[in-house]
Amino acid sequence: MGDERPVYTLDEALSALRFGKYQALVLAYAGLGWVSEAMEIMILSFVGPAVKSKWKLTSSEESLLTTVVFAGMLLGAYSWGIISDNYGRRKSFLGIAMVTSVAGLLSSFSPNYVLLVIFRCFVGVGLGGVPVFLAYFLEFVPVSHRGTWMVALSAFWTAGTIFEASLAWVVMTRLNWRWLLAFSSVPSFALLLFYGLAPESPRYLCAKARTVDAHRILEKMAFVNQTKLPPGILVSDKAIKENEESNLLQDTHMLSMTRKITDKLKSGFSSFFMLFSRKLIRTTLLLWVLFFANVFSYYGAVLLTSKLSSGDSKCGSKVLHADKSKDNSLYVDVFIASLAELPGLILSAIIVDKIGRKLSMVLMFVSACIFLLPLVFHQSAVVTTVLLFGVRMCVTGTITVATIYAPEIYPTSARTTGFGVASSLGKVGGMVCPLVAVGLVTSCHLRLAVILFEVVFVLAIASSLLFPFETMGRELKDTVDAIES
């Protein structure tokens, strides 16, 4: 009798419930996580010079303040991904918000340079978990127009960068860097404040064979969205398999507490080793190249804009602002440069669900190459600014699409781990870029720096074309075995 009842999958349920108020609330919470990361990253542009001036730091010591944040993100992206895939999205949110908010606030009270470096490193560890927020929101969105809604989430990053530039403009000219650090930690505290309202991902629950809990969340979603679930029973393609394995374990083992802990540790690392399975290793390696190239080129565009607009007299370039640290010009420049991300987001939203993820990335990487190429030769200040504006616009678009594609291409059992590890490899690009590319510009080798960026773009184009499949309109998969189906 019970076998005759109709069944439905999570994707069918999400399609029936449509995107409504419930997903909008999830978007707001996940977006708050992205605002938090954007503000804590952008703050490096303002705090470094101020601290260097106050504590008489060397250039290397100032650079270390940025490096330790990326180093912390490298560790955090890997760690929070594993925690999220094995213990739930919500539990990782709690840890991410606590580490980021507390370390961010303590940074503002740092009595010396060493403690400031340590606290900023812990901030980086917390920020490394931000990709979990994107994967989390992705798991609530129906297949139709999924790309467009993911671009909407990415808009929170741009909002965070613009808001941080505006905040620095007000705070740094009236108070000091300590106040800016304190105010910038507010979004992370807001994540803690609203943590109780954030539901667990129903897709994660289904992947863990907890369909009853997932159904309960879907019922709340139906109530808030004023829609109805499909008739029948919610099923998960992993539930049967996990129940069978669970029954087998109960029949063959009397697990002690020690054995249970050992199994938990094994499962914790299994999501990482899954990335190198036969079906996923190609995707994993290509994503690493893509994220490295994306972050390297993004921070390259940001730092090149700063370097070229500030001028370098020994290289014969025009000095536009004699001393940015003593007037408002730094904040104006960063604010205007951040606006370049808006057309990049709009372009992504227009094409991502029309031509697909892979082709969108290729198109925008090629456009970035075209914008950058004229800088091989000397250009006027206005032309240089326009070209770098175009580069940043395109790179923002590629990062946006890549952050949509990465969690889509992995199964639920390894989604945040795979996305987190790829993101952490991207942070290596952020650490290497100032040392290599910007170093070339400072040493009057602008042409060589431009050629380096062009090579990175070509590698990114190649990796985008070599990905095994397109994810536009494709349902999210819960297991590795379902990837090729």
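## Charge over a ring

A charge sits over a ring if NZ of Lys or CZ of Arg is within 6 Å of the ring centre and within 35 degrees of the ring normal. Arg90 meets this test with Tyr195: the charged end lies 4.4 Å from the centre of the ring.

## Basis of the model

This is a predicted model, in which local features need pLDDT of at least 70 and side-chain atom pairs count only at pLDDT 80 or more, while totals for chains, interfaces and linings use all residues. Residues are numbered from 1 along each chain as its sequence is written, and side-chain values use heavy atoms, with hydrogens and water left out.

## Overall fold

The protein chain has 21 helices and two strands. These are DSSP runs, numbered from the N terminus: helices are H or I with at least four residues, strands E with at least two. Of its 485 residues, 52% count as buried. Buried means under 20% relative accessible area, exposed over 50%, and partly exposed in between (1.4 Å probe, protein chains only).

The accessible surface comes to about 21,000 Å², and carbon and sulfur atoms hold 68% of it. Areas come from the Shrake-Rupley method with a 1.4 Å probe; for residues, only the protein chains shown count as cover. Take contacts (heavy atoms within 4.5 Å) between residues at least 6 apart in sequence: 82% join residues at least 24 apart.

## Aromatic pairs

A search of the whole structure finds 16 aromatic pairs. Rings of Phe, Tyr and Trp (its six-membered ring) pair if their centres lie within 6.5 Å; planes under 30 degrees apart count as stacked, over 60 as edge-to-face and the rest as tilted. Phe19 and Trp149 are stacked, because their ring centres are 3.7 Å apart and their planes stand at 5 degrees. Phe19 is in the loop between helix H1 (10–17) and helix H2 (21–42), and Trp149 is in helix H8 (residues 146–174), so the pair ties together parts 130 residues apart in sequence. Phe19 is partly exposed at 22% relative accessibility. Trp149 is partly exposed at 30%.

Phe292 and Phe296 are also stacked, at 5.9 Å centre to centre and 15 degrees between the planes. They are four residues apart in helix H15 (residues 281–310), so about one helical turn separates them. Phe292 is partly exposed at 28%, whereas Phe296 is buried at 3%. One aromatic cluster is formed by Tyr22, Tyr29, Phe93, Phe133, Tyr136 and Phe140.

## Packing of H7 and H8

Helix H7 (residues 130–138) packs against H8 at about 145 degrees, with the axes 10 Å apart. Axes are lines fitted to C-alpha atoms, for helices over the stretch in contact, and angles run from 0 to 180 degrees between N-to-C directions. From H7, Phe133, Leu134, Phe137 and Leu138 meet Arg146, Trp149, Met150 and Leu153 of H8.

## A buried alanine

Ala422 lies in helix H20 (residues 415–442). Its relative accessibility is 0%, so Ala422 counts as buried. Beyond neighbours within four places in sequence, Ala422 is in contact with Leu287, Trp288 and Phe291.

## Positive phi

Most residues other than glycine have a negative phi. Ala209 has a positive phi, near 65 degrees. Ala209 is in the loop between helix H11 (202–207) and helix H12 (211–225). Gln226 has a positive phi of about 60 degrees. Gln226 is in the loop between H12 and strand S2 (233–234), and is exposed at 72% relative accessible area.
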